[in-house]
Amino acid sequence: MVNKVSFIGAGSMAEAIIAGMVNKKYVPSEQIYVANKENEARLNELKEKYNIIGHTNKEIVIQDANIIILATKPYDMADAIIDVKKYIQPNQLIISVVAGISTEFIASHIEKDVAVIRAMPNTSATIGYSATAITKGEYATDEHIQIAEQLFQAIGTVSVVEEEEMHIVTGISGSGPAYVYYLVEAMEKAAIEEGLDKQTAKQLITQTIIGAGEMLKYSKEPVTILRENVTSPNGTTAAGIQTLGEYNFQEAVVNCVKNATKRSMELGKKK
Ligand SMILES: NC(=O)C1=CN([C@@H]2O[C@H](COP(=O)(O)OP(=O)(O)OC[C@H]3O[C@@H](n4cnc5c(N)ncnc54)[C@H](O)[C@@H]3O)[C@@H](O)[C@H]2O)C=CC1
Ligand SMILES: O=C(O)[C@@H]1CCC=N1
């Protein structure tokens with residue numbers, strides 16, 4: 001049974017997971033502890049918003065936690081571990097959401113035979129819609145995977161992958177929400193330039209994205225057929241997609257995902 005979940009790192013990703021966990025009542029909010037790099041104002045902000053326990057004393061945050069979630073930037077990870085490793089017990093489950101950093105790196109820095117699960121959620125965790133992938137390190141068992149699955153199922157869907165697949169997962173679903181937001185920014189810009197008011201544009205674009213997402217989820221048709229169904233011969237969609245083709249849209253997206261994937265690998269090497 002999970003009685004205490006602790007976060008090391010209190011940034012956007014930690015907040016997205018906390019918000020999702022509190023919303024879905026994964027554990028009572030007073031059983032969620034958070035520490036960061038001594039930014040008390042941020043801890044107070046999270047306390048006020050979610051009624052969790054923010055603390056600058058890392059021993060208090062770590063002790064008796066069933067799950068410790070590491071959520072610092074990749075380059076802060078080694079220092080963050082140095083700060084807390086003396087408090088970590090081998091029976092605690094470590095879950096890292098840090099891009100690029102391997103389970104082996106984490107376990108070797110903690111210097112204990114501790115179970116490490118690596119996870120790649122996304123910020124849609126905030127509303128329970130994360131697409132999370134998880135993978136297990138050397139000392140983690142199938143039971144640990146089940147615990148992590150339950151936690152991340154509270155904030156969205158969970159896929160179990162091999163550790164080497166975490167880089168492409170990061171390129172697809174970790175960073176993915178930003179690609180969609182970038183597309184929406186461009187659609188809003190065009191809508192406003194063509195005279196639509198901002199609020200109407202936002203409502204239409206948001207519902208269009210939600211509708212397309214639900215179609216992807218529920219329709220039995222493959223995505224190419226869904227696209228073709230919108231595209232009347234010589235119609236408006238054909239004209240729009242012709243322009244996307246002229247700007248090599250698909251090639252841009254393929255290279256975008258590949259570059260994000262490559263950066264995940266680089267983060268793992270740099271630390
Ligand atoms: N933002 C996103 O969409 C996603 C982020 N991630 C991963 O989550 C991690 C965190 O990302 P963000 O929340 O966006 O970053 P952020 O910069 O918003 O937060 C980082 C947090 O780490 C804390 N920190 C730094 N050094 C520390 C130390 N020595 N001890 C304790 N805390 C320390 C900072 O005070 C801050 O609270 C990154 O590694 C990123 O790869 C994963 C999936 C999605
Ligand atoms: O941009 C990043 O490095 C993190 C990892 C996935 C999403 N945000």
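Ala, Val, Leu, Ile, Met, Phe, Trp, Tyr, Cys and Pro count as nonpolar, Asp, Glu, Lys and Arg as charged, and the others, Gly among them, as polar. The model is predicted: local features need pLDDT of at least 70 and side-chain atom pairs pLDDT 80 or more, while totals for chains, interfaces and linings use all residues. Residues are numbered from 1 along each chain as its sequence is written, with chains lettered from A and ligands numbered from 1 in the order in which they are written.

**View 1. Surroundings of ligand 2.** A99, T170, G174 and S175 surround ligand 2 (C-beta atom, placed from the backbone, within 6 Å of the molecule). This shell holds one nonpolar residue, three polar residues and no charged residue.

**View 2. The annotated binding site.** An unreviewed UniProt entry gives the feature "binding site" at I8, G9, A10, G11, S12, M13, A71, T72, K73 and P74. These positions span 67 residues in sequence, but no two of their C-alpha atoms are more than 14.0 Å apart, so they gather at one spot. UniProt positions follow the numbering used here, feature names are shortened, and annotations may be inferred rather than shown by experiment.

**View 3. G9 and A71 in their loops.** G9 sits in the loop between β1 (5-8) and α1 (12-23), and A71 in the loop between β4 (67-70) and α4 (77-84). Helices (H or I, at least four residues) and strands (E, at least two) are DSSP runs, numbered from the N terminus. G9 is buried, with 23 other C-beta atoms within 10 Å; A71 is buried as well, with 26. The cut-offs are 20 or more such atoms for buried, 12 or fewer for exposed, and partly exposed in between, with C-beta atoms placed from the backbone. Beyond four places in sequence, G9 is in contact (C-beta atoms within 7 Å) with A14, N36, L70, A71, T72 and A80.

View 4. M77, A80 and I81 are the buried residues of α4. They cover an arc of only 100° around the axis, which puts them on the same side of the helix; the arc is taken from the directions from the axis to the C-beta atoms. An α-helix has 3.6 residues a turn, so residues three or four places apart point the same way. β1, β4 and α5 (103-110) are among the elements covering the buried residues of α4. D79 and I82 are exposed on the other side.

**View 5. K220, away from A14.** K220 lies in the loop between α9 (198-218) and α10 (223-230). K220 counts as exposed, with 5 C-beta neighbours inside 10 Å. K220 and A14 are 206 residues apart in sequence and 35 Å apart in space, C-alpha to C-alpha.

Terms used:
Contact = placed C-beta atoms within 7 Å.
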